Amino acid sequence: MILTDTHTHLYSEAFNDDRNDVIRRAIDAGVSRFFIPAIDSEYTSSMYALRENFPDHIFLMMGVHPTHVKENYKEELALAKEELDKGGFYAVGEIGMDLYWDKTFKAAQQEAFDTQIQWAKELQLPINIHCRDAFDEVFEVLESNKGEDLFGVFHCFTGNLEQARKAISYNMKLGIGGVSTFKNGKIDKFLKEIAIENIVLETDAPYLAPTPFRGKRNESSYLLHIAEKLSDIYEMPLKEIAETTTENSKAVFGI
């Protein structure tokens, strides 16, 4: 059984003391494919180190995270594009909009999101979308860029059924993680109405650990608990959930 974690920040400082052990635990649990989203230039070298240490398991993305779109965002965009042009990346991400913490850079976030979508189209790469308190704004940007050359993953999807269907209409898979196991997570109430072919699994480690680890550091081995939750929701064998969601990840990332 092969599980794919389509979104995990394994370079995070949260793993500085036991990073290799965390990765080995995940591999032992059947999670053998890790897609690594970028945040900003500060983490680029750490991402490369991950790939060097686990070349058969680590697949990198490149982009500028919306919460890191600040006064110097054009400089950060230039650095991200420089890395993308070197090749070896499987998506442009994580990109999008986040209006939860601060709306100061809303216009800059929209501009950065749109710019990075253009890069993805030019490079024929998927995008990996971060969206928090910004569904309308994200959909506005996606609408202006819709087409067969726009595709990817709507990371950490926590919207409602209508928003899920709208995201899928833009050729996005839904990234389902620990929230699906929460009692108040809500998405488990309607997820079965979304075909499993539109779903990929993720942890977003070290964030959003699934039940029974909620509130603790998340890690990629916990993806198994998310897969088990989807097995219950879809009334499908765990092995089939793993196979289908991994095939879905291959369709997005091309590997």
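**Reading strands, a helix and voids**

Mentor: Two strands, β4 and β5, each contribute at least two residues to the lining of the largest pocket. The model is predicted.

Trainee: Which strand supplies the largest share of that lining?

Mentor: β5 does, with three residues. The lining has 24 residues in total, and those nearest the centre of the pocket are His130, Arg132, Cys156, Asp204 and Leu208. The volume of this largest pocket is about 700 Å³.

Trainee: How is empty space found in a model?

Mentor: A probe the size of a water molecule is rolled over the atoms, and this shows where empty space is left.

Trainee: How many cavities of 30 Å³ or more does a search of the whole structure find?

Mentor: The search finds one. The largest cavity holds about 40 Å³ of space. Its lining includes Asp40, Thr44, Met62 and Glu83. Helix α3 gives the most to this lining, with four residues.

Trainee: Back to β5. How many of its six residues are buried?

Mentor: Five of the six residues in β5, residues 127-132, are buried, so the strand is largely enclosed by the rest of the structure.

Trainee: Which strands pair with β5, and in which sense, parallel or antiparallel?

Mentor: β4, residues 92-98, runs parallel to β5 and is joined to it by six bridges. In that pairing Gly93 stands opposite Asn128 of β5. Strand β6, residues 152-154, also runs parallel to β5, with three bridges between them.

Trainee: How should I read the two faces of a strand?

Mentor: In a regular strand, side chains alternate between the two faces of the sheet. Take β7, residues 172-176: Met172, Leu174 and Ile176 point one way and Lys173 and Gly175 the other, and all are buried. With five of its five residues buried, β7 is largely enclosed by the rest of the structure.

Trainee: Which strands pair with β7?

Mentor: β6 pairs with β7 in the parallel sense over three bridges, and Gly152 has Met172 as its bridge partner in β7. Strand β8, residues 199-201, likewise pairs with β7 in the parallel sense over three bridges. Here the bridge partner of Gly175 is Val200 in β8.

Trainee: Now a helix. Why do residues three or four places apart point the same way?

Mentor: An α-helix has 3.6 residues a turn, so positions with that spacing point the same way.

Trainee: Which residues of α2 are buried?

Mentor: In α2, residues 44-53, Thr44, Met47 and Leu50 are buried. Viewed down the axis of α2, the buried residues fall within an arc of 120°, so they line one face of the helix.

Trainee: What sits on the face turned away from the buried side, and what covers the buried residues?

Mentor: The face turned away carries Ser45, Glu52 and Asn53, which are exposed. The cover over the buried residues of α2 includes α1, β2, β3 and α3. Thr44, one of the buried residues of α2, is also among the residues lining the largest cavity.

Notes:
Residues are numbered from 1 along each chain as its sequence is written. This is a predicted model: local features need pLDDT of at least 70, side-chain atom pairs count only at pLDDT 80 or more; totals for chains, interfaces and linings use all residues. Side-chain values use heavy atoms; hydrogens and water are left out. Buried means under 20% relative accessible area, exposed over 50%, partly exposed in between (1.4 Å probe, protein chains only). Two strands pair if DSSP finds at least two bridges between them. The arc is that of the directions from the helix axis to the C-beta atoms. Contact means heavy atoms within 4.5 Å. On a 1 Å grid over the protein atoms alone, a cavity is a set of points where a 1.4 Å probe fits but cannot get out, and a pocket is an open set with protein on both sides within 12 Å along at least five of seven lines; lining residues have an atom within 4 Å of a point. Grid points are joined across faces, edges and corners, and a volume is the space filled by probe spheres set on the points.
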